[in-house]
Amino acid sequence: MTYPPQPGAPAPGQPPYQQQPYPQAPYQQAPYQQQQPYPVQQFPPYGVPGQQPPPPPRRGGAGRTLACLGVSLVVLLGVAVGGVVVLRAVRQPPKMDALKSDTEPWQKLTKGLTDALAAKDEEAFVKPFAAGATKEKQRKVFRNLVKIPWATARWESSLVIDGRLTVDFVHQVKGVDNYPISERYEWRVLGPDTKATGAGPETAVPEGAEVVTEVGGPTDNRGKTMSDGYYPSPWDAYDELSVQVRDHLVVMSDKGQEAELNRDADVLARAAKDDLDAWQKCAPAPTGKTKGAEGFFVVLEKNRDVYNKLYQGDGKPDDSLEAGVNMSVWASSSAQPDPGRPVIGGSRIVIDTTDGRFTGKQWQEGVTNIGRHEMAHATVATLVSSDGTYAPTDRRQDWVAEGFGEYMALRGKDDRAREDLAVVKQVSFDGKLPGDGEDFYSFDAARRSANYALAGDALRYMASKYGDAKVCGFVAAQYTRPKEYEQQIAAATGQPLDQFQSAWAAHVRATASVRR
């Protein structure tokens with residue numbers, strides 16, 4: 001989700017926070033489950049755009065090779081001029097022995113990368129990459145990767161088609177991710193029996209060897225890098241990565257922004273502890289294969305172009321009211337605890353450090369609030385699972401997601417919460433929970449800020465009447481079973497939705513003196 005604007009006049013280029021999901025799928029890696037961004041600090045509350053239902057998680061392991069081939073051939077049939085080879089492949093499917101022979105060299109190559117990273121052997125890692133810019137870029141990637149505390153880090157390859165090899169970097173950050181997740185790459189490759197498109201004549205392939213000539217994210221038929229590959233990650237985007245590790249927190253930035261990183265790391269670590277402690281006290285007991293997040297992965301970025309591209313391929317449209325975003329990612333198919341019901345493996349938070357929460361006199365409070373908000377999204381994102389349909393009706397209520405972010409951000413700060421609620425005076429208030437019948441993530445700054453403030457207030461009101469455990473149970477139920485919204489309101493409050501909404505609306509009018 002995103003973090004909305006703060007009350008007041010937003011600084012130039014300051015957007016709101018926004019949590020985004022990023023799930024992943026097979027040969028189309030399921031994209032993030034993105035929660036909307038944290039709005040720019042303008043001195044109303046924070047705001048976040050809505051989460052889109054994720055595409056099916058990607059597959060892996062047994063059966064993935066054929067699945068990938070099938071999807072790729074369909075695409076080629078639709079766009080290739082030289083379709084003869086493709087049609088031949090369709091009419092005369094390769095034998096399993098041929099598929100095995102085709103994949104073995106690349107599996108050996110990717111295993112070599114896995115072993116080289118584990119051994120911290122830079123030269124072994126860069127060996128498969130073509131000399132020049134490609135090799136030097138991967139040298140930088142290696143130096144970035146060794147700075148991160150991995151619980152799991154391995155590369156998995158599939159078939160080479162038209163000189164392109166799909167590779168998944170399956171990884172789990174220690175103390176952060178519940179399950180391994182995947183970043184998808186598209187490599188252009190040369191081998192003894194492979195011709196790579198785009199390879200320069202200077203690329204020499206030693207006899208019997210395989211060479212990677214180019215590394216990027218998965219592309220569409222226009223050559224654009226797609227957002228469902230979870231590429232680029234920070235280790236791809238930055239020439240030199242700076243990393244700070246704390247309990248249940250890994251926070252990073254480009255080397256050029258290291259001073260900001262060093263200043264904020266301990267503040268974000270306290271925010272992480274605040275959220276985890278609060279959740280542990282009020283959360284319902286875990287059920288099935290899902291539970292709250294173990295920790296948090298945060299990227300601090302001041303360059304808006306880079307901010308919009310991290311995990312988003314060629315970049316998402318800029319939302320000037322977004323200051324931060326949390327993207328939840330489906331567990332890698334080879335790491336799903338229950339292959340029939342995919343779960344979220346972890347989240348990635350990106351925050352724009354030009355936001356007023358980072359630059360103002362009260363920056364420690366601002367960093368704490370945005371950190372708590374986005375980490376709240378990440379805490380419950382891992383409660384999400386899917387039956388594989390990803391139907392729109394499975395989307396949870398935006399006001400519940402953003403309200404929980406605000407509820408956690410302003411915990412123990414009742415005066416600040418009342419100040420933020422005053423923004424409701426700038427907009428009409430119809431007595432309904434925000435987002436009912438309209439876009440929660442309005443592009444009007446006052447409206448979006450009001451929606452964030454109202455959503456947070458609704459959960460604080462629920463807590464004041466029924467207790468924190470009821471709030472946490474309600475939120476957990478919404479993330480787990482979003483279709484049962486009205487039943488969940490009744491379970492938490494003992495009232496039907498309309499009755500709870502009316503009582504809360506009367507409280508808002510009395511507290512904020514808003515017009516009807």
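**Salt bridges and a buried hairpin in the predicted model**

Arg-139 forms a salt bridge with Glu-123, with 2.7 Å between the closest N and O atoms; a salt bridge is defined as a side-chain nitrogen of Lys or Arg within 4 Å of a carboxyl oxygen of Asp or Glu. The pair links distant parts of the chain, Arg-139 being in helix α5 and Glu-123 in helix α4, 16 residues apart. Helices (H or I, at least four residues) and strands (E, at least two) are DSSP runs, numbered from the N terminus. The model is predicted, and local features need pLDDT of at least 70, side-chain atom pairs count only at pLDDT 80 or more, and totals for chains, interfaces and linings use all residues. Residues are numbered from 1 along each chain as its sequence is written, and side-chain values use heavy atoms, with hydrogens and water left out.

Arg-139 is buried, with a relative accessible area of 12%, whereas Glu-123, at 49% relative accessibility, counts as partly exposed. Here, buried means under 20% relative accessible area, exposed over 50%, and partly exposed in between (1.4 Å probe, protein chains only).

A salt bridge also joins Glu-122 and Arg-143, whose closest N and O atoms are 2.9 Å apart. This pair likewise links distant parts of the chain, with Glu-122 in helix α4 (residues 122–126) and Arg-143 in helix α5 (residues 133–145), 21 residues apart. Glu-122 is buried, at a relative accessible area of 17%, while Arg-143 is partly exposed, at 44%. Together with Glu-136, the residues Glu-122, Glu-123, Arg-139 and Arg-143 are linked in a network of salt bridges. The structure holds 28 salt bridges.

Another of these involves Arg-448 and Asp-319, with the closest N and O atoms 3.1 Å apart. Arg-448 lies in helix α13 (residues 445–466) and Asp-319 in the loop between α8 (304–309) and β11 (324–330), so the pair ties together parts that are 129 residues apart in sequence. Both Arg-448 and Asp-319 are buried.

Burial also marks strand β4 (residues 150–161): 10 of its 12 residues are buried, so the strand is largely enclosed by the rest of the structure. β4 pairs with strand β5 (residues 164–173) in the antiparallel sense over nine bridges, pairing being assigned if DSSP finds at least two bridges between two strands. Val-160 has Leu-165 as its bridge partner in β5. The two strands, β4 and β5, form a hairpin with two residues between them, and Asp-162 in the turn has a positive phi of about 55°.
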